[in-house]
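Subject: Handing over the two-chain model

Hi there,

Here is the structure I promised to pass on to you. Have a look at it first, and then read my notes below.

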Amino acid sequence: MFGYVVHRLLVMIPTLLAISAITFLIMQLPPGDFLSTHIAELQSQGESVDMAKIEFLRQQYGLDHSPVVQYFHWIFGMLQGDFGYSFEFQLPVTKVVGDKMWLTVIVSVATILFTWIVSFPIAIYSATHQYSWGDHGLTLIGFLGLATPNFLLALVLLYFANAYFGISIGGLMDDRFLDAPWSWEKMRSVLAHLWVPTLVIGASGTAGMIRRLRANLLDELQKQYYVTARAKGMGPFRALVKYPLRMSLNPFISDIGSILPSIISGAAVVSIVMNLPTTGPMLLRALQAQDTYLAGSFLMFLAVLTVVGVFLSDLALAALDPRIRLEGGSSR
Amino acid sequence: MTELRYPTQAMMGDYVRAAFGLALTGTPLLLSPPGSAATYILGPLALLFAVFGARTALRHRTVVEVEDQKVATNGLWRQELRWSELIEVKLSYFSTKRDRTQGWMQLMLRGPTGKLRFDSTLDGFPDVARRAHMTARAKGIELSEATISNFASLGFEPAKAKE
């Protein structure tokens with residue numbers, strides 16, 4: 001297993017370097033830079049532009065260097081915890097992200113827990129009661145969850161949450177807590193608001209997970225080892241949990257790869273509709289404004305989380321099922 | 001008694017991996033000021049590749065002795081396992097490819113005094129695997145589904161599976 005970890009790490013490092021180069025290249029592709037965009041914005045508003053100041057800012061932010069120099073400066077900065085400077089917010093990137101990161105993590109972890117807690121028992125019930133009324137009903141709800149656009153569900157739930165529970169429209173806490181330090185009262189306000197975005201963001205994921213787990217479990221329940229175990233008198237619960245359920249957990253493990261970045265990125269469109277102070281809208285704004293370091297660092301962070309997530313899920317799969325595929329073969 | 005070794009040609013890949021990993025993580029580490037974030041991210045990675053390099057070197061000079069009564073490894077220290085005392089056998093397959101091809105196997109044998117591990121790069125690995133498989137069958141040692149499947153890919157008939 002140690003050798004496998006080293007092999008996988010060696011695949012990860014060049015991957016991350018390639019992603020960083022591509023991310024930086026894409027950020028550099030649009031003509032001009034943040035300052036050019038800023039000048040154009042000022043001119044369109046009829047304001048005068050002090051070219052000497054612009055030139056000073058260009059030198060200060062290192063935008064007068066070649067893209068290659070800027071890239072290496074950015075990469076080595078990140079390795080030392082310096083993610084660069086946000087031109088848009090006039091602050092270091094770490095300060096801009098700040099609290100937004102924690103709120104995003106809270107929303108996303110709640111969504112993941114919701115997805116797993118709801119989908120797991122429903123999928124098991126659907127698979128073990130295939131074609132029953134309960135299965136048909138849950139399948140219908142699942143398809144509705146998959147088909148309903150998140151932003152539409154967000155608008156509907158915002159209305160009902162306000163009309164029946166008195167929860168303020170939008171946001172993740174009452175307005176009086178917006179700039180207040182963290183306290184139990186603030187935490188309670190966050191928790192009271194949390195269920196709406198959790199339900200909205202988690203709906204389609206839950207429905208998808210139910211479908212996949214149900215299908216996997218049904219496949220396993222048809223296999224000979226399960227039929228034999230039941231025929232030999234093994235109880236239905238034990239026979240189910242011992243192998244079929246364990247084998248059908250692979251999609252959960254594989255999902256770790258995509259879960260880690262989604263914990264941080266948040267659902268941008270839903271966050272905008274619901275006015276959530278998460279990082280999704282911030283990333284969108286940074287990309288629109290060509291705020292190179294904020295957008296680039298954030299995208300790079302997401303890429304790192306994706307690669308680390310895939311690495312962790314690969315390790316978990318290798319530990320759970322270190323089996324050769326007979327059509328493959330070992331070459332060493 | 002048969003003496004088996006890890007051939008140099010097979011070990012070269014792991015030496016290159018250790019050196020490449022050490023260069024990729026060690027170079028920026030040396031260029032970064034001490035105590036920076038890089039120290040905490042790249043430091044453990046560099047250490048990991050260094051340990052992997054040391055393990056590769058150790059494995060390179062290890063001699064595996066296979067006899068009818070026992071199997072032993074002579075590396076930094078000597079480890080021995082009598083076939084009659086075999087408790088657990090596990091044959092794992094690892095691959096970094098998405099289609100799970102071009103991988104390698106690892107055989108773990110556990111006895112009362114410890115574990116012995118052999119990679120499929122070992123010359124004569126199928127012989128060690130065959131003896132382990134035969135002993136497991138003779139002693140009725142239960143094997144996992146993955147181990148049975150991996151033994152089957154080497155051409156050994158399935159033994160008793162764990163419930």
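The domain bounds used in these notes come from an automatic or database domain assignment. With that, chain B is divided into domain 1 (7–60) and domain 2 (64–153). Taken over C-alpha atoms, the centres of domain 1 and domain 2 of chain B are separated by 28 Å.

Two remarks on how to read everything else. Residues are numbered from 1 along each chain as its sequence is written, while chains are lettered from A and ligands numbered from 1 in the order in which they are written. Please keep in mind that this is a predicted model: local features need pLDDT of at least 70, side-chain atom pairs count only at pLDDT 80 or more, and totals for chains, interfaces and linings use all residues.

Chain B on its own

The secondary structure of chain B comes to 4 helices and 7 strands; here helices (H or I, at least four residues) and strands (E, at least two) are DSSP runs, numbered from the N terminus. Along the sequence, the pattern of chain B reads β-α-α-β-β-β-β-β-β-α-α. Its C-alpha trace spans about 60 × 35 × 30 Å along the principal axes. Of the 163 residues in chain B, 29% count as buried. A residue is buried if 20 or more other C-beta atoms lie within 10 Å of its own, exposed if 12 or fewer, and partly exposed in between, with C-beta atoms placed from the backbone.

Where the chains meet

Which residues of chain B touch chain A? There are 32 residues of chain B in contact with 24 residues of chain A, where contact means that the C-beta atoms of two residues, placed from the backbone, lie within 7 Å. On the chain B side, at least two residues each come from helix H1 (8–31), helix H2 (37–60), strand E5 (88–94), strand E6 (101–111) and helix H4 (145–153). H2(B) gives the largest share of that side, 7 residues. By class, the chain B side has 16 nonpolar, 13 polar and 3 charged residues. For these classes, Ala, Val, Leu, Ile, Met, Phe, Trp, Tyr, Cys and Pro count as nonpolar, Asp, Glu, Lys and Arg as charged, and the others, Gly among them, as polar.

Inside chain A

Chain A is assigned domain 1 (2–90) and domain 2 (93–320), and their C-alpha centres lie 31 Å apart. Between them, 24 residues of domain 1 are in contact with 22 residues of domain 2. The largest share of the domain 1 side, 11 residues, comes from H1(A).

Helix H7 (residues 150–165) and helix H8 (residues 184–221) of chain A pack at an angle of about 150 degrees, with their axes 9 Å apart. Axes are lines fitted to C-alpha atoms, for helices over the stretch in contact, and angles run from 0 to 180 degrees between N-to-C directions. H7(A) and H8(A) are therefore roughly antiparallel to each other, since angles over 145 degrees count as roughly antiparallel, under 35 as roughly parallel, 65 to 115 as roughly perpendicular and the rest as oblique. The residues of this contact divide into 10 nonpolar, 2 polar and no charged.

Finally, A:Gly98 sits in helix H5 (residues 93–128) of chain A. A:Gly98 is partly exposed, because 13 other C-beta atoms lie within 10 Å.

Best wishes
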